[in-house]
Amino acid sequence: MAGEVKHIVRMQDVVKTYRQGKVDVHAVNNVSLEIEEGDFAVLCGPSGSGKTSILNLIGGLDLPSSGSIWVDDVDLSTLDSTALSEVRKNRIGFVFQAYNLIPVMTAYENAEFVLNLQGVSEAECRERVMQTLKAVGLEGLEHRRPDEMSGGQQQRVAIARAIVTRPAIVLADEPTANVDSHTAESLLDLMQLLNREQGITFLFSTHDQHVIDRARRVVRIHDGKVQADEVVG
Amino acid sequence: MNLNKLAWRNIWRRKRRTMITAFSIGFGVMLAVTFTGSGDYTYTNMIDMGASMGMGHVTVEPVGYNLKPTLDKRLTGTEALHKQIMTLDGVANATVRITGQAMFASARKSVGGAFIAVDPAFETEANNLLMRSIVEGSLFSDIGGRGAVIGSKLAKKLHVGIGKKIVYTTTDTDGEIVSDIARVTGIFTTGIDMVDGVMALLPMASVQKTLNYAPDEATVIAVIIKDQRHAEAMRDRIAVLPEAKNAAVLTWKKSQPDLAGVIAFDKAGNYISQFLVGLLIAVGILNTMLMSVLERTREFGVMMAVGMSPGVLFRLVMVESFWLAIVGLLLGILITAPWYYFLYNTGIDFSGAFGSDFSYGGVIVDPVFKARLFKESIMAILGGLFMLALLAGLYPAWRAGRIPPVESLKTI
């Protein structure tokens with residue numbers, strides 16, 4: 001149906017409780033949230049507010065104590081660890097604060113890694129990886145290993161790895177926290193461009209004002225709850 | 001990048017640690033080759049030596065002779081059976097013999113002993129230790145003559161030398177006491193007191209006549225085979241021959257149970273030593289793989305976050321163990337080859353410590369420590385160590401796949 005909004009992520013009354021010693025800590029407290037296709041959204045809030053926990057739950061890295069989460073219409077709460085791996089492999093891209101590239105692989109191989117897990121043919125891998133590396137501005141650097149690249153370049157490789165599989169959503173956890181402001185701006189330019197031109201949905205967890213300023217939607221998290229959800233752009 | 005390539009690169013992240021572990025596998029190969037090779041060499045020598053002392057690798061004898069070796073029990077039709085055995089593939093030689101107890105007497109003394117009656121036409125130094133050990137005189141040439149070759153200690157006890165007469169007394173097929181005269185043509189020294197002090201070789205036809213045996217009757221056919229490992233198979237092949245239907249066919253393990261026991265005991269000790277060495281190597285590999293897994297917890301978390309399943313992660317760590325094992329085995333072959341070449345060709349001479357006539361299990365043992373590996377031993381060593389390395393990788397691999405990604409990502 002024309003004009004119908006597709007929800008890439010749906011969280012319904014999600015609670016995540018951790019046990020710390022003898023105390024239960026509610027990291028996520030009854031959160032209901034929907035992320036639409038093409039969103040460029042931010043989860044923001046102070047440290048310990050629960051934004052990374054929400055990102056982990058959406059990414060299938062953690063399971064909720066109660067409530068339901070759908071990613072691209074797949075109910076994560078019904079899946080075992082192998083099926084969750086499949087969802088992450090095929091529908092979700094991750095960008096981490098500390099880049100988290102595999103040190104023994106070149107930029108090309110890091111970007112190619114998930115495609116290999118998907119079993120994509122070598123020729124198609126090559127075409128998609130080269131295209132993606134070009135899109136993130138790393139043309140010519142594909143044979144460099146992480147320790148031969150700057151922080152910004154490494155984060156670009158991480159972005160390439162996250163988008164090369166054409167995921168339903170890219171989850172970025174503090175992606176600019178480890179780079180200088182100039183590099184942060186250029187990374188945000190890149191992700192905004194990918195969102196605009198390729199329609200990739202981004203969900204950030206951050207307390208960096210630069211990122212918040214770029215978002216079209218800001219979800220404020222406090223004490224594990226959604227405090228505010230605003231469309232700003 | 002496929003798992004193999006990734007695993008290969010991963011093991012070289014910590015070159016020094018990988019090399020130390022690979023060297024421990026390599027030294028495991030060296031130790032296993034040394035232990036197993038010396039076992040293969042020594043046991044074969046002992047078995048071959050034992051076989052050449054009278055009964056062969058495979059013995060064809062009258063039923064019940066092994067338990068109660070009396071001269072009234074005898075094989076008949078030995079000529080036809082001997083001919084049949086000689087046609088079998090794998091047989092190096094077969095000799096018809098009469099073995100029995102006898103009292104030897106000279107003009108000065110009588111001594112209890114044992115004899116082996118042989119046909120000089122079929123006896124060779126290769127398959128007859130006593131003939132090989134003649135130090136004075138030679139083997140009689142006439143099957144029906146009155147020659148005798150006796151042990152040096154027996155000669156000393158009897159106060160006889162070459163050309164001197166002795167009388168041997170034994171019992172015939174009817175249990176009657178019979179005796180005959182022989183003249184010493186040769187004296188042997190094997191170095192084994194139990195042999196040199198009691199044994200004598202006598203001519204077959206003369207003994208047959210003395211014992212009332214027909215010309216094709218004897219107590220044993222001693223079969224020497226080319227490879228002692230095939231004794232059981234040869235026994236089975238001989239046992240089905242029509243000419244052997246009324247005979248018992250035994251391997252050296254049955255005809256020389258003392259030797260078989262000594263070898264089995266020694267082998268067990270050898271296996272235990274090798275098992276302990278293997279255990280040490282396995283702990284080394286386990287330590288390396290576990291360290292390698294624990295220090296990459298976060299990386300594994302990332303891999304799982306981007307879609308690698310716990311099963312694939314398990315496989316990755318197992319492939320790393322595989323490559324570590326391959327590197328270790330190749331290194332092992334490299335460091336062991338010159339050592340094995342030395343042990344194969346030269347060996348370490350312990351005759352200064354043990355003397356040159358050191359006997360064990362009733363047979364002379366070569367005082368030179370040498371090694372000869374059978375093909376199956378090589379496969380067992382390489383296969384065993386390879387499996388050990390893979391087994392040692394199992395726990396770290398299992399553990400790698402068990403850590404939840406969200407926990408792994410928290411690790412610094």
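Chain A of this predicted model has an open sheet of 4 strands, ordered β2-β1-β4-β5, with antiparallel pairing. Strands here are DSSP runs of E with at least two residues, helices are runs of H or I with at least four, and both are numbered from the N terminus; two strands pair if DSSP finds at least two bridges between them. The edges of the sheet belong to β2 and β5 (74-75) of chain A, each with a single partner strand, so one side of each has no neighbour in the sheet. As for bookkeeping, residues count from 1 along each chain as its sequence is written, while chains are lettered from A and ligands numbered from 1 in the order in which they are written. Because the model is predicted, local features need pLDDT of at least 70 and side-chain atom pairs count only at pLDDT 80 or more, whereas totals for chains, interfaces and linings use all residues.

Going through this sheet pair by pair, β1 (residues 7-20) and β2 (residues 23-36) of chain A run antiparallel and share 10 bridges. Lys16(A) sits opposite Val28(A) in β2(A). The hairpin made by β1(A) and β2(A) has 2 residues between the strands, and Gly21(A) takes a positive phi near 65° there. β1(A) is also joined, by 5 bridges and again antiparallel, to β4 (residues 66-71) of chain A, with Arg10(A) opposite Trp70(A) in β4(A). Contact means that the C-beta atoms of two residues, placed from the backbone, lie within 7 Å. Axes are lines fitted to C-alpha atoms, for helices over the stretch in contact, and angles run from 0 to 180 degrees between N-to-C directions.

Chain A also has an open sheet of 6 strands, in the order β6-β7-β8-β3-β9-β10, and its pairing is mixed. At the edges stand β6 (92-95) and β10 (225-231) of chain A; each has a single partner strand, so one side of each is left without a neighbour in the sheet. On average, neighbouring strands of this sheet are turned by 15° against each other, direction ignored. Strands β7 (residues 169-173) and β8 (residues 202-206) of chain A run parallel and are joined by 4 bridges, and Ala172(A) has Phe204(A) in β8(A) as its bridge partner. Parallel pairing also holds for β3 (residues 40-44) and β9 (residues 217-222) of chain A, again with 4 bridges; here Val42(A) faces Val218(A) in β9(A) as the residue opposite.

Now for the helices. Two packed helices are described by the angle between their axes and the distance between the axes. In chain A, α5 (residues 151-163) and α6 (residues 181-198) pack at an angle of about 20°, their axes 10 Å apart. That makes α5(A) roughly parallel to α6(A), a label for angles under 35 degrees, with over 145 counting as roughly antiparallel, 65 to 115 as roughly perpendicular and the rest as oblique. The residues of α5(A) that meet α6(A) include Ile159(A) and Ile163(A), and among their counterparts in α6(A) are Leu187(A) and Leu190(A). By class, this contact of α5(A) with α6(A) has 6 nonpolar, 5 polar and 1 charged residues. Ala, Val, Leu, Ile, Met, Phe, Trp, Tyr, Cys and Pro count as nonpolar, Asp, Glu, Lys and Arg as charged, and the others, Gly among them, as polar.

Over in chain B, the axes of α2 (residues 15-55) and α12(B) come within 7 Å and cross at roughly 40°, which makes α2(B) oblique to α12(B). The residues of that contact of α2(B) with α12(B) are 16 nonpolar, 9 polar and no charged.

Finally, the two chains meet: 17 residues of chain B and 21 residues of chain A take part in the contact. The largest share of the chain B side, 4 residues, comes from α11(B).
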